[in-house]
Amino acid sequence: MGRGRFPGGPGGKNMNNMMKQMQKLQRQMEQMQEELDSQEIEATAGGGAIKAVVNGKKELLKIELDESIVDPEDIEMLEDLIVVCINQAMQEADKKQNEGMSKLTGGLNIPGL
């Protein structure tokens, strides 16, 4: 049998080093995700009249409304502003996650991450 790139053979040490680096990267990504999950991200709409707070898991934690925008005659506008505000908060959470991943991978595009 010929000698291929198996542990103990030529190239085996490089493979072990690569596996260790991948495991380290995975631990760093898990730690970063835990940190992001616990962060609170907020966004506002309607000139600050509505504030939405989400966490890194993109769970809505809180929504605050300024009394001045609550008009029983125009509920649709209020509903639209709430949707806009929540979507902005979710987008900001995505942005923070993407920035964190980019820092870990050095901008390298790794499929599935």
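## Accessibility and the predicted model

A residue is called buried when its relative accessible area is under 20%, exposed when the value is over 50%, and partly exposed in between. Glutamate 64, with a relative accessible area of 34%, is therefore partly exposed. The model under discussion is predicted.

## Overall organisation

The protein chain contains 2 helices and 3 strands. Read from the N terminus, its elements follow the order α-β-β-β-α. Helix 1 covers residues 12–38, and helix 2 covers residues 75–105.

Of the 113 residues in the protein chain, 24% are buried. The chain exposes about 8500 Å², and carbon and sulfur atoms supply 50% of that area. When contacts between residues at least 6 apart in sequence are considered, 43% of them join residues at least 24 apart.

The 3 strands form an open sheet in the order 1-2-3, and their pairing is antiparallel. Strand 1 and strand 3 are the edge strands, each pairing on one side only. From one strand to the next, the twist averages 15°.

Strand 1 (residues 40–45) pairs with strand 2 in the antiparallel sense over 6 bridges. Within this pairing, alanine 43 has alanine 52 of strand 2 as its bridge partner. The two strands form a hairpin with 4 residues between them, in which glycine 46 adopts a positive phi near 65°.

Strand 2 is also joined to strand 3 (residues 60–65), by 5 bridges, and these two strands run antiparallel. Valine 54 has leucine 60 of strand 3 as its bridge partner, while valine 53 is partnered by lysine 62 in strand 3. This second hairpin likewise has 4 residues between its strands, and lysine 58 in the turn has a positive phi of about 65°.

## Strand 2 and its two faces

How many of the residues in strand 2 are buried? The strand, residues 50–55, is mostly covered, with 6 of its 6 residues buried. In a regular strand, side chains alternate between the two faces of the sheet. Here Ile50, Ala52 and Val54 point one way, whereas Lys51, Val53 and Asn55 point the other way. Both sets are buried, so each of these residues has a relative accessible area under 20%.

A search of the whole structure finds 4 salt bridges. One of them brings together the side chains of lysine 51 and glutamate 64, at 3.6 Å from N to O. This pair links distant parts of the chain, since lysine 51 belongs to strand 2 and glutamate 64 to strand 3, 13 residues apart.

The side chain of glutamate 64 also meets that of lysine 62 in a salt bridge, again with an N to O distance of 3.6 Å. Lysine 62 counts as partly exposed, at 39% relative accessibility, and glutamate 64 is partly exposed at 34%. Glu42, Lys51, Lys62 and Glu64 are linked in a network of salt bridges.

Which residue forms a salt bridge with lysine 58? The partner is aspartate 94, and the closest N and O atoms of the pair are 2.7 Å apart.

Aspartate 94 counts as partly exposed, at 29% relative accessibility. Lysine 58 is likewise partly exposed, at 35%. Lysine 58 is also the turn residue noted above for its positive phi.

## A methionine patch on the surface

Met15, Met18, Met19 and Met22 form a nonpolar patch on the surface. Together these four side chains belong to residues with about 390 Å² of accessible area. Methionine 19, one of the patch residues, is found in helix 1. Its relative accessible area is 43%. Methionine 19 is therefore partly exposed, because that value falls between the 20% and 50% limits.

Key
Residues numbered from 1 in each chain as written. Predicted model: local features only at pLDDT ≥ 70, side-chain atom pairs only at ≥ 80, totals over all residues. Heavy atoms only, no water. Buried < 20%, exposed > 50% of the residue type's maximum accessible area, 1.4 Å probe, protein only. Pairing = 2+ DSSP bridges. Patch = residues over 30% accessible without salt bridge, like charges linked within 9 Å, V, L, I, M, F, W, Y side chains within 5 Å. Areas by Shrake-Rupley, 256 points an atom, 1.4 Å probe, with all protein chains shown as cover. Axes fitted to C-alpha atoms, helices over the stretch in contact; angles between N-to-C directions. Contact = heavy atoms within 4.5 Å.
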